[in-house]
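Let's take a walk through the open spaces of this protein together.

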Amino acid sequence: MRGKFITFEGGEGAGKSTQIRYLATDLQRRGLEVVVTREPGGSAGAEAVRSVILSGAARDFGAAGEALLFSAARIDHIDQLIEPSLAAGKWVLCDRFADSTRAYQGVLGNLDTRLIQALEHVTLKGLKPDLTLMLDLDPKIGMARADARRGKSEAADRFESEGADFHKALRDVFRDIAAAEPARCVVIDASRTQGLVAADIITAVAKHFKLGDGDVVEEAMS
Ligand code: Z5A
């Protein structure tokens with residue numbers, strides 16, 4: 001049986017990477033095979049594109065140029081990892097996916113919606129997440145978490161260095177995407193402790209896919 005495809009979206013420092021680990025543990029304990037991956041990246045070719053984009057070297061290409069690069073990376077990621085894993089019955093948990101292109105390059109980059117739709121058409125070839133978890137957090141808190149994690153010596157990357165207005169607008173865009181596709185998206189309040197957020201996510205996933213209760217929920221909350 002084909003596996004399931006779950007994506008995590010949200011602003012900087014919302015806790016996506018942290019929460020993917022909790023969910024992966026829960027699903028593995030249920031006996032499911034899980035693949036954890038991320039965008040940009042997740043395959044050799046896409047990781048190479050990731051370092052170019054996050055270094056800021058492609059910033060001068062503008063939003064359209066960056067959208068093309070994210071799309072090229074996504075094609076490799078889907079072909080090399082996501083589709084083969086789903087076909088093998090694995091559950092794929094992905095840290096960011098096409099909603100990030102819609103939000104960062106599409107809306108905040110002021111690109112024509114038709115360009116984003118055309119890119120999705122050629123890139124995704126019909127692939128759509130079965131579930132998207134939108135981690136919603138005040139960007140001030142998210143940026144503070146990311147700053148603390150990065151430490152003083154490390155420079156902010158291409159998107160971390162955008163201003164407060166950008167990150168505030170981003171939060172609204174992700175909320176709008178979730179509101180427009182309620183059957184696919186669940187908004188999670190990411191302002192609480194890691195355990196409480198994990199418990200919410202595991203409950204949402206169990207409900208969405210009609211799984212029984214897992215044992216990671218109580219553990220995460222303790
Ligand atoms: N991008 C794009 O523009 N277009 C696209 O199509 C795609 C991406 C796919 C990738 O950056 C950048 O590419 C991203 C969008 C853009 N830019 N930004 N900004 P990335 O992969 O390097 O970073 P990220 O995706 O933004 O994730 P992140 O900064 O690593 O944040 P996170 O994964 O959501 O959070 P985390 O690493 O789990 O947690 C951050 C810190 O907070 C860490 O120290 C945790 O221990 C802590 N944390 C986590 N949860 C909590 C709670 N609940 N309470 C307190 N502290 C917590």
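This is a predicted model: local features need pLDDT of at least 70, side-chain atom pairs count only at pLDDT 80 or more; totals for chains, interfaces and linings use all residues.

The space inside the second largest cavity comes to about 50 Å³. Sorted by class, its lining has four nonpolar, three polar and three charged residues.

How many cavities of 30 Å³ or more are there? The count is two, so let's turn to the other one. The largest cavity has a volume of about 150 Å³. Its lining is made of 17 residues, and those nearest the centre are G10, G11, L135, L137 and R171. Strand 1 (5-10), strand 4 (131-136) and helix 7 (164-180) are the elements that give two or more residues to this lining. Helix 7 gives the most here, with five residues. The lining of the largest cavity has eight nonpolar, three polar and six charged residues.

Helix 7 also takes us on to the second largest pocket, where this helix gives the most to the lining, with seven residues. Helix 6 likewise supplies at least two residues of that lining. The residues around the second largest pocket are D138, P139, K140, M143, A164, D165, H167, K168, R171, D172 and R175.

Now for the largest pocket, which holds about 930 Å³ of space. It is lined by 39 residues, with E12, K16, S17, R96 and R149 nearest its centre. Helix 1, helix 2, helix 3, helix 4, helix 6 and helix 8 (194-208) each bring at least two residues to the lining, and helix 1 gives the most, with five. By class, the lining of the largest pocket has 13 nonpolar, ten polar and 16 charged residues.

Where does the ligand sit? You will find the ligand in the largest pocket. Around the ligand are 26 residues, the closest being E12, S17, T18, R96 and T101. Helix 1 (16-29), helix 2 (44-55), helix 3 (62-87), helix 4 (98-107) and helix 6 (139-150) each supply at least two residues of the shell around the ligand. Helix 4 gives the most to this shell, with four residues. The shell has six nonpolar, ten polar and ten charged residues.

A polar side-chain atom of T18 is 2.5 Å from an oxygen atom of the ligand, while a polar backbone atom of G15 lies 2.9 Å from a ligand oxygen. R145 brings a polar side-chain atom to 3.3 Å from a nitrogen atom of the ligand. Taken alone, the ligand exposes 1,100 Å², and the protein buries 85% of that.

Key:
Residues are numbered from 1 along each chain as its sequence is written. Side-chain values use heavy atoms; hydrogens and water are left out. A residue is near a molecule or strand if one of its heavy atoms lies within 4 Å of it. A polar contact is a pair of N or O atoms within 3.5 Å; within protein, one must be able to donate a hydrogen and the other to accept it, and residues adjacent in sequence count only if both atoms are side-chain atoms. Accessible areas come from the Shrake-Rupley method with a 1.4 Å probe; for residues, only the protein chains shown count as cover. On a 1 Å grid over the protein atoms alone, a cavity is a set of points where a 1.4 Å probe fits but cannot get out, and a pocket is an open set with protein on both sides within 12 Å along at least five of seven lines; lining residues have an atom within 4 Å of a point. A molecule sits in a cavity or pocket if more than half of its atoms lie within 2 Å of its grid points. Ala, Val, Leu, Ile, Met, Phe, Trp, Tyr, Cys and Pro count as nonpolar, Asp, Glu, Lys and Arg as charged, and the others, Gly among them, as polar. Grid points are joined across faces, edges and corners, and a volume is the space filled by probe spheres set on the points.
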